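Subject: Structure for you to look at

Hello,

Here is the structure I said I would pass on. Please have it open while you read the notes under it.

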Amino acid sequence: GKAPAARGGGGGGGANANANANATRATTSKWFNVDPFDDPFSIEKGWLTWGCVGYVVTFFAIGATAFVVDGGTAALHAAEAARTASDATRAGVSDAFSAGYGDGVASQLGEFGGGGGAVPSGVPSGVPSMPSPAAAESETSRGTIDAVLPILGGGDDLPIRFLSILAVTSVFAPALEEVVFRGFLLASLTKWLPTPGAVLFSSVIFAGAHFAPRDFSQLVALGMVCGFSYARTRNLLTPMMIHSLWNSGVLVIVAALVSMGNADLIPGAGNTLGQ
């Protein structure tokens, strides 16, 4: 009588294992979803609703990120300028003493220290000028728009080139990148990380894959907006929409600035366009 019971228990265990495997596959498949008819206008999880919300949030997220990064860069440049000025002052005083102006320099230093005298000879006045954080960053790093700027130059075929770039950056690139970084990478990471951790990790990889150091922090911010919106709706059309709208908006603004002769307002445009 025990053998049949054992067989029955074994069959139940196999059924449970199959049920768990099916549940796991079902959970994974819920992440990889591209369905335009999946209640797009729902307040709770509508992909079109949250695509619009995410696009608006992107402006605030990228703006806040740029503000923090620029502020930190400015503080570092100010500290470096102060250190350079201090080193130059000490070097100037040392040179002045070694040149034989010991007593005169000592007297001037005493007056200078008391606030009543002129700056001693050999001691530089003022802080050396330092490039602005944005200018320094533009000169030393690459951005996502750098490869596009030369194509947006003049020419009779400019409209065709613009439409071609628009199709690539606003349709094909968002679709491919969202499938890879959100549909595959983020969804896979949720097996080992909580959703916020998976969103952050996948966003860092997304930013690094662009090989654009100047835009790294902004790309992380964009990736996080796309990631959280995708986690909310479980529909890849949401991050695709946000990504597409952002890319197309940036491209239109850049093309307008180039056509009006204001390309110098674009970070890194001077190096890219040879200005």
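Predicted model: local features only at pLDDT ≥ 70, side-chain atom pairs only at ≥ 80, totals over all residues.

Pocket. The largest pocket has a volume of about 1100 Å³. Its lining comprises 37 residues, and those nearest the pocket centre are Thr-144, Ile-145, Asp-215, Trp-246 and Val-250. Sorted by class, the lining of this pocket consists of 23 nonpolar, 8 polar and 6 charged residues. At least two lining residues come from each of helix 2 (47-98), helix 4 (133-140), helix 5 (158-189), helix 7 (216-233) and helix 8 (237-259). Helix 8 gives the largest share, with 8 residues.

Surface patch. Trp-192, Leu-193, Phe-201 and Ile-205 together make a nonpolar surface patch of about 440 Å². Within this group, Trp-192 sits in the loop between helix 5 and helix 6 (195-208). Trp-192 counts as exposed because its relative accessibility is 67%, and the cut-off for exposed is over 50%.

Residue pair. Ala-167 belongs to helix 5. Its relative accessible area is 27%, so Ala-167 is classed as partly exposed; that class lies between the limits of under 20% for buried and over 50% for exposed. Ala-167 and Ser-248 are separated by 81 residues in sequence, while their C-alpha atoms are 8.9 Å apart in space.

Regards

Terms used
Residues numbered from 1 in each chain as written. Heavy atoms only, no water. 1 Å grid on protein atoms, 1.4 Å probe; cavity = no way out; pocket = protein on both sides within 12 Å on 5 of 7 lines; lining within 4 Å. Points joined across faces, edges and corners; volume = space filled by probe spheres on them. Helix = DSSP H or I, 4+ residues; strand = E, 2+ residues; numbered from the N terminus. Nonpolar A, V, L, I, M, F, W, Y, C, P; charged D, E, K, R; others polar. Patch = residues over 30% accessible without salt bridge, like charges linked within 9 Å, V, L, I, M, F, W, Y side chains within 5 Å. Areas by Shrake-Rupley, 256 points an atom, 1.4 Å probe, with all protein chains shown as cover. Salt bridge = Lys/Arg side-chain N within 4 Å of Asp/Glu carboxyl O. Buried < 20%, exposed > 50% of the residue type's maximum accessible area, 1.4 Å probe, protein only.
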